[in-house]
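Subject: A structure for you to look through

Hi there,

Here is the structure I promised to pass on to you. Have a look at it first, and then read my notes below.

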Amino acid sequence: MKVLSKIEPLNVFQYFEEICGIPHGSGNMDAISQYLVKFAKERNLFYIQDESRNVIIIKEATKGYENALPVMIQGHMDMVAVKDENCDIDLEKDGLRLKTEGDYIFADGTSLGGDDGIAVAYALAILDSDVIPHPKLEVIFTVDEEVGMVGATAIDLSGLKGKRLLNIDSEEEGIILSSCAGGTRVQSHIPLDFEDREGNGYKIVITGLLGGHSGCEIQKERGNSNCLMGRILFELAQELDFSLCGVEGGSKDNAIALETSATIVIEKRNENQLIGFIKKIEQKFQKEFFMKDPGLKIIVTPITALELIGKKTIQSEGYLFPVLTKDSLGKVIKFLMMQPNGVQAMSAHIKGLVETSLNLGIIKTNKFELIADQSIRSSLQSSKEALRDKVVMISESLGGTCRIFGDYPAWEYKEDSKIRDILVDVYQRQYGKKPEIEAIHAGLECGIFSGKIKDLDCVSFGPNMKDIHTINERLCISSTKRVWEFLLEILKQCK
């Protein structure tokens, strides 16, 4: 049963619901890419699908716009696919369960993917229409934006003619974005050694955090569960003798980690001391984050070796667990305690704008190493490189190595922007006030496209969304409608 079938604008929400029915988390692009190709074929629209699965669809100008310069509309296909630990949806195979509440659309137990499914829906609704006036349209759908702008980096735009780009990848109505930070990804690998230890196992879980997008919400200074776990392990080491079986936290390098677990081994006689310590540090964290993460909690539960490794080997009163050696435990604690995280510098030029940041998005251990995924952003190339080098140095000091990838440039502000002028004029007439022109810390594909197309004139905008990249993500229905009308009027004025 369709959930959005009676919500205006009908065509936009029809396509949004169809998109939500197709698994399209980053790295899982085949189905959504083929869906777009099928759409183009059914309407006899010229299209290009490249090896990376990017799709470009061309639609000729409507009557009266034949001599107008082409306009490019752009959004990305992938979403940050995260879910509640109790949700039974397989995000690699299943669609989302859409629901509405008041003026908002959300997905039950998962992220919604309004970032950037709504851009795809807007574009398809325009391409499907025979009555919307517009210049020649070059619509660009990129893959894997959320994991380093992979599609934008790989796509060949040399055959396109447009010099005006409408990027629909913003989450705040009334704000026109005109520049953004650049970024890079660093994956650290710290080698670990293991030994067996007899004792009793306990799982410590930090949960209840709000998380969020590491570009849009890093300035809110919410708790990062990976970093908080480092503090727990460091302080626990001062309290009692324990060994670490493993640690795992976070789901995406560009999402603030909202849950992390660590499995430890202690002697049975120290159980009450462990529980008392967890209660004490939970109270400390709750005091620190009571305004930023009011739901923060730390849970400790006993486990068995059977649960951990599938084999029960009883020795005396406890079990035999594979644990990190003392030296390797020290490496994990040092890495998590030394690692930069959050806002590193604020802009001296734009009040309230984060200049440089790092997000420790994912940590996990296996039988050989600790792997950590970090997202670095900065509007200054030199600051981005300096922070990257610091992360590499920390990893190398612990005997580790780093893989650096997903580098993308900043999108620089353009003083003379004709397309921005059109948006400002249309916005003033539609809303009766001026829009805000802003730069953001989050990365956008506009910077990459500007490097590929000489003299590209681009802007970014979109409807209101809340808590993107989290299970609490919401898309505002009325805002989606207003931005749809805004977009149609922009195209009408692009003569």
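Glu282 and Lys279 form a salt bridge, with their closest N and O atoms 3.6 Å apart; the term stands for a side-chain nitrogen of Lys or Arg within 4 Å of a carboxyl oxygen of Asp or Glu. The two residues are 3 apart in helix H6 (residues 271-288), so about one helical turn separates them. Helices (H or I, at least four residues) and strands (E, at least two) are DSSP runs, numbered from the N terminus. Glu282 counts as buried at 9% relative accessibility, while Lys279, at 46%, is partly exposed. Here buried means under 20% relative accessible area, exposed means over 50%, and partly exposed is in between (1.4 Å probe, protein chains only).

Before you go on, please keep in mind that this is a predicted model, in which local features need pLDDT of at least 70 and side-chain atom pairs count only at pLDDT 80 or more, whereas totals for chains, interfaces and linings use all residues. Residues are numbered from 1 along each chain as its sequence is written, and side-chain values use heavy atoms, with hydrogens and water left out.

How many salt bridges does a search of the whole structure find? There are 25. One of them joins Arg185 to Asp253, with 2.9 Å between the closest N and O atoms. Arg185 sits in strand S9 (residues 182-191) and Asp253 in the loop between strand S11 (243-249) and strand S12 (260-266), so this pair ties together parts that are 68 residues apart in sequence. Both Arg185 and Asp253 are buried.

Asp241 and Arg197 also meet in a salt bridge, at 3.2 Å from N to O. Asp241 belongs to the loop between helix H5 (225-239) and S11, and Arg197 to strand S10 (residues 194-207), so parts 44 residues apart in sequence are tied together. Asp241 is partly exposed at 49% relative accessibility, but Arg197 is buried at 14%. Elsewhere, Lys38, Glu42, Arg43 and Asp128 are linked in a network of salt bridges.

Ser225 lies in helix H5 and is buried, at 0% relative accessibility. Its contacts (heavy atoms within 4.5 Å) beyond four places in sequence are Ile206, Leu209, Ala257, Leu258, Glu259 and Thr260. The side chain of Ser225 reaches the backbone nitrogen of Glu259 at 3.0 Å.

Now try Asn254, in the loop between S11 and S12. Is Asn254 buried or exposed? At 3% relative accessibility, Asn254 is buried. Leaving out residues up to four places away in sequence, Asn254 touches several others, including Glu146, Arg185 and His469. A polar atom of the Asn254 side chain lies 2.8 Å from the backbone oxygen of Glu146. Asn254 and Asp373 are 119 residues apart in sequence, yet their C-alpha atoms are 8.9 Å apart in space.

Helix H1 and its partners

Two packed helices are described by the angle between their axes and the distance between the axes. Helix H1 (residues 10-20) and helix H2 (residues 30-42) pack at about 140°, with axes 11 Å apart. The axes are lines fitted to C-alpha atoms, for helices over the stretch in contact, and the angles run from 0 to 180 degrees between N-to-C directions. H1 is therefore oblique to H2; under 35 degrees would count as roughly parallel, over 145 as roughly antiparallel, 65 to 115 as roughly perpendicular, and the rest is oblique. Tyr15, Glu18 and Ile19 of H1 make the contact with Ile32, Tyr35 and Phe39 of H2.

The buried residues of H1 are Val12, Phe13, Tyr15, Phe16, Glu17, Ile19 and Cys20. Among the elements they pack against are H2, helix H3 (114-127) and helix H12 (477-493).

Some backbone details

Most residues other than glycine have a negative phi, and most peptide bonds are trans. Glu8 and Pro9 are joined by a cis peptide bond, with omega about -5°, and Pro9 is in the segment before H1. The peptide bond from Asp115 to Asp116 is also cis, with omega near 10°; Asp116 is in helix H3.

Asp467, which is not a glycine, has a positive phi near 50°. His469 has a positive phi too, about 70°, and lies in the loop between S22 and S23. Asp467 is partly exposed at 27%, while His469 is buried at 3%.

Happy exploring!

Technical notes. A polar contact is a pair of N or O atoms within 3.5 Å; within protein, one must be able to donate a hydrogen and the other to accept it, and residues adjacent in sequence count only if both atoms are side-chain atoms.
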